[in-house]
Amino acid sequence: MVNPIYRSTPYPFLKWAGGKTRLLPILQNEYMPLFTDNKIETYIEPFVGGGAVFFDIIKKFHVKNIYLSDINPEIAIAYMVIKTEVEKLISQLSVMSDYYLSLNKDERKAYYYDRRSEYNTFDKTKPASTYDSTWVKRAALTIFLNKTCFNGLYRLNKKNHQFNVPIGDYKQPRILEEKNLIAISECLQSTNVKITSGDFSHILPYVNPKTFIYYDPPYRPVSKTSNFTSYFSAFKDEDQHRLAKVFRKAHRIGAFQLLSAPDPTALTEDPFFDNLYSDFNIKRVMAPRRISAKGESRKKIRELVVTSFA
């Protein structure tokens, strides 16, 4: 089942550590009945990242209003550029891709770090608001670095918010996926989509009883070596508590909500999420993991799926 308004099926344009593409079959069991029964008019995703759930829903169903947000302004900027000036973005990515793929290993390394330095001239602490045509180069660099860096990570140092992920080891990275970018642009233009960057609490004015919200917050570490909370800015336990308060407020309004997170009880006796969402439905499922630095440790992990509806 594909939404007939799209010539091509859009899919995530970023490689995203912790992305939900592999968890989709499990998540679909929760949200598909809501959309099939036309209970939803508004879709909200406040941690959109790679957007796997958003793309899955939008390619199957017409949703009247969509609100996409991420605290990382570079993510919001990339979505806005794809929506607004996709041809210019494709042109810049084409130049980068052709040149990068023509280089030998040492030349690629030098080019990568030059582009990373250029990327770090942008202020990554300032939220993205009014569209700026200079963002095209910025979005092109976001995609280029994402496709050529180590493991598709997005990490900033704590001192001055500089992107510091090293180069990855890919022989033929898919830097430019032109058809998909065009499909995404058509998707974003054909529906009432609002894209912004900012804190998740900003979603509440958009919530109504026919709203579906999917939360995919930054991972809370499940081991001492898996601290991915610093992917953009530290998402601490107090932020998890703030998120739970937003979850409850949206529930009182009548929204349908779904949240996913790695299960800390799989490795420790830590009922953090069980306590935080004790008055909602909690399921434990097995999901493939793709954020470990070591390939041999990328095994299935236990994931929590929290819903506010039966």
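## A short tour of a predicted model

The side chain of Ser308 comes within 3.5 Å of the backbone oxygen of Ala255. That is a handy place to start in this structure, which is a predicted model.

**Around Ser308**

- Ser308 sits in the segment that follows strand E7 (300-307).
- Its relative accessible area is 13%, so Ser308 counts as buried.
- Besides the contact with Ala255, a polar atom of the Ser308 side chain lies 2.9 Å from the backbone nitrogen of Gln257.
- Leaving out residues up to four places away in sequence, Ser308 touches Phe247, His251, Ala255, Phe256, Gln257, Phe280 and Asn281.

- Strand E5 (residues 256-262) is mostly covered, with seven of its seven residues buried.
- In a regular strand, side chains alternate between the two faces of the sheet.
- Here Phe256, Leu258, Ser260 and Pro262 point one way from E5, while Gln257, Leu259 and Ala261 point the other way, and all are buried.
- Strand E4 (residues 211-215) runs parallel to E5 and is joined to it by four bridges; Gln257 is the bridge partner of Ile213.
- E7 pairs with E5 in the antiparallel sense, over five bridges, and Thr307 in E7 stands opposite Leu258.

**Nonpolar cores**

- Nonpolar side chains tend to be buried together in soluble globular proteins.
- The largest nonpolar core in this model has 69 residues, and those with the most contacts inside it are Phe13, Tyr31, Phe35, Tyr43, Leu89 and Phe212.
- Helix H3 (residues 73-101) gives the most to this core, contributing 14 residues.
- Another core lies apart from it, with 24 residues that include Tyr215, Leu243, Leu276 and Leu304.
- Neighbours within four places in sequence aside, Phe13 is in contact with Phe55, Ala78, Tyr79, Ile82, Ile143, Lys147, Asn180, Leu181 and Ile184.

**Cavities**

- Rolling a probe the size of a water molecule over the atoms shows where empty space is left.
- Across the whole structure, a search finds three cavities of 30 Å³ or more.
- The second largest cavity has a volume of about 60 Å³.
- Its lining is made by Trp16, Tyr119, Leu141, Thr142, Leu145, Asn146, Cys149, Leu153, Tyr154 and Phe163.
- Helix H5 (residues 135-148) supplies the largest share of that lining, four residues.

**Tyr113**

- Tyr113 is found in helix H4 (residues 105-119).
- With a relative accessible area of 23%, Tyr113 is partly exposed.
- Cys149, one of the residues lining the second largest cavity, is 36 residues from Tyr113 in sequence and 9.9 Å away in space, C-alpha to C-alpha.
- Not counting residues up to four places away in sequence, Tyr113 touches Pro166 and Ile167.

**Two asparagines with positive phi**

- Most residues other than glycine have a negative phi, and most peptide bonds are trans.
- Asn38 has a positive phi, near 60 degrees, and is found in the loop between helix H1 (24-36) and strand E1 (42-45).
- Asn38 counts as exposed because its relative accessibility is 62%.
- Asn151 also has a positive phi, of about 65 degrees, and lies in the loop between H5 and helix H6 (178-190).
- Asn151 counts as buried because its relative accessibility is 13%.

Key
Residues numbered from 1 in each chain as written. Predicted model: local features only at pLDDT ≥ 70, side-chain atom pairs only at ≥ 80, totals over all residues. Heavy atoms only, no water. Buried < 20%, exposed > 50% of the residue type's maximum accessible area, 1.4 Å probe, protein only. Contact = heavy atoms within 4.5 Å. Core = buried A, V, L, I, M, F, W, Y, C linked by side-chain atoms within 4.5 Å. Polar contact = N/O pair within 3.5 Å; in protein donor to acceptor, adjacent residues only side chain to side chain. Pairing = 2+ DSSP bridges. 1 Å grid on protein atoms, 1.4 Å probe; cavity = no way out; pocket = protein on both sides within 12 Å on 5 of 7 lines; lining within 4 Å. Points joined across faces, edges and corners; volume = space filled by probe spheres on them.
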